[in-house]
Amino acid sequence: MTSKIHGGRGGPWVVVFVGLVQWFLGFFFIWASVVGLIAPPPVPLMCLFVFLAGHSLPFFNTANVVTAARNFSHYGGTAVGIMQGFLGLSGAILIQLYHAVCGGEGNPATFILLLAVVPTFVIFLTMPFVRVYETVTTSEKKHLNGLSVISLIIAAYLMVIITVENVLGLSRSMQILSFILVLLLLASPLLVAVRALREETQTLSPLDRPVLDTSALLDPPSLKLLVCADLDHVVVEDSNILEAMSTMNFWLLFVAMLCGMGSGFATINNMRQIGESLHYSPVQLNSLVSLWSIWNFLGRFGAGYVSDIFLHKHSWPRPIFMAITLSIMAVGHIVVASGLQGSLYFGSVLIGMAYGSQWSLMPTITSEIFGIRHMGTIYFTISIAGPIGSYVLSVKVIGYFYDKVASEHDNSCFGSQCFRTSFMIMASVAVFGSLVASVLFFRTSKFYKRLVAKRNSK
């Protein structure tokens, strides 16, 4: 919510800068504490450092997601999917940086220092370019497709590198070379941006220049009211948080995310322990955890891109894809619960992609149903559902049933029975979330048809 308030005062870059300061201070003081640069802080102070580092993320996310949804309003799913997709890949990219810098002789303190310095430097250089544009060009889909292809290439390359590194290992020189290739791939979207800028400067009038006004991010041109004649409710664009929370649509979206993000978080938190209970080797476990970011990316990007296609071609309401992906997540939970050979690999692919999908579908649906102006506040209020669901499922479900079957001697458990009941319950939770999303689909079907008609008429 704080990040939304800052966005209204200075534009997107101010939101990024506030997050940047928190990020650097948080990770720098964590590193200073670990290496002894400062006296060992008391636990509350260390918790403050961790809080600053974690609290910075919503600022970056708000600036990027809201700006992308505003700049590419006709293809918000694709734009937000790309933004969220790279967020999913960021962990894998930072790990590649760590391997390139430290090789096999690094230590956790070095990684913390890299987290403090490298993202801070990159974000500081790029934050002035986070702007809001009031133009909608006919070629924006072409440029988004170019960025989409590059994103998929980067994800595929990281998947190959991660697999080879975990299975065969890489020499020091190969680690450095592979990371240089990652950097070149990460720089390649600049080619798309340069091409788009060249085309637009040849066609746009002086009135269609970038909007640098400090309130542009959150002040759309007009307030519109869309009424669905066959439904006993009204969808009001640019609702504030209180107005949004007074609607059924908000709570349907919140409950769906409680089920989807909650069970996804719970799976992430327990994946290594599940693998150990099934006698997976350290190499298999490392590959499993490392590749999660790839499946997460595919879900984040794919759900946004595919939902845009079906929205524009067939006027399919975006919530139907939330219902579909939550059903896929339920299948993934059942696969993991089976305990069959390779079930954790296949199940993690389904769960990872379905979990990632929620992170692109939810903010896009939020911007369409409730509008852009207060999107940051509403988006992160709904995101609270993820940690709540994760706590309930991780502690009250997975932890409870694990303790019931674990050995009293050392609290260890081996075999599929350790997590079978928990994942069957989480499968049921995901199915319930899919049903809730289906209700939202039926409630907003006429709204989305009117939305597509309005966009096509422009």
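A: Of the 458 residues in this predicted model, 51% count as buried. The protein exposes about 20,900 Å². Carbon and sulfur atoms supply 70% of that area. The fold holds 17 helices and four strands. Take the contacts with a separation of 6 or more: residues 24 or more positions apart account for 81% of them.

Now the pair. Two packed helices are described by the angle between their axes and the distance between the axes. Here the partners are α11, residues 248-277, and α16, residues 385-405. Their axes come within 7 Å. They cross at roughly 50 degrees. Angles from 65 to 115 degrees would count as roughly perpendicular, and those under 35 as roughly parallel; α11 and α16 are therefore oblique to each other. The crossing of α11 past α16 is right-handed.

Next, the residues. On the α11 side, the contact takes in Phe254, Met257, Leu258, Met261, Gly262, Ser263, Phe265, Ala266, Asn269, Asn270 and Gln273. On the α16 side, they meet Ala385, Gly386, Pro387, Ile388, Gly389, Ser390, Leu393, Ser394, Ile398 and Tyr402. By class, this contact has 12 nonpolar and nine polar residues. Charged residues are absent from it.

Beyond its neighbours within four places in sequence, threonine 78 is in contact with Lys141, Leu144, Ser148, Gly304, Tyr305 and Asp308.

Methods
Residues are numbered from 1 along each chain as its sequence is written. This is a predicted model: local features need pLDDT of at least 70, side-chain atom pairs count only at pLDDT 80 or more; totals for chains, interfaces and linings use all residues. Side-chain values use heavy atoms; hydrogens and water are left out. Axes are lines fitted to C-alpha atoms, for helices over the stretch in contact, and angles run from 0 to 180 degrees between N-to-C directions. Helices (H or I, at least four residues) and strands (E, at least two) are DSSP runs, numbered from the N terminus. Angles under 35 degrees count as roughly parallel, over 145 as roughly antiparallel, 65 to 115 as roughly perpendicular and the rest as oblique. A crossing is left-handed if the near helix is turned anticlockwise from the far one by less than a right angle, and right-handed if clockwise. Contact means heavy atoms within 4.5 Å. Ala, Val, Leu, Ile, Met, Phe, Trp, Tyr, Cys and Pro count as nonpolar, Asp, Glu, Lys and Arg as charged, and the others, Gly among them, as polar. Buried means under 20% relative accessible area, exposed over 50%, partly exposed in between (1.4 Å probe, protein chains only). Accessible areas come from the Shrake-Rupley method with a 1.4 Å probe; for residues, only the protein chains shown count as cover.
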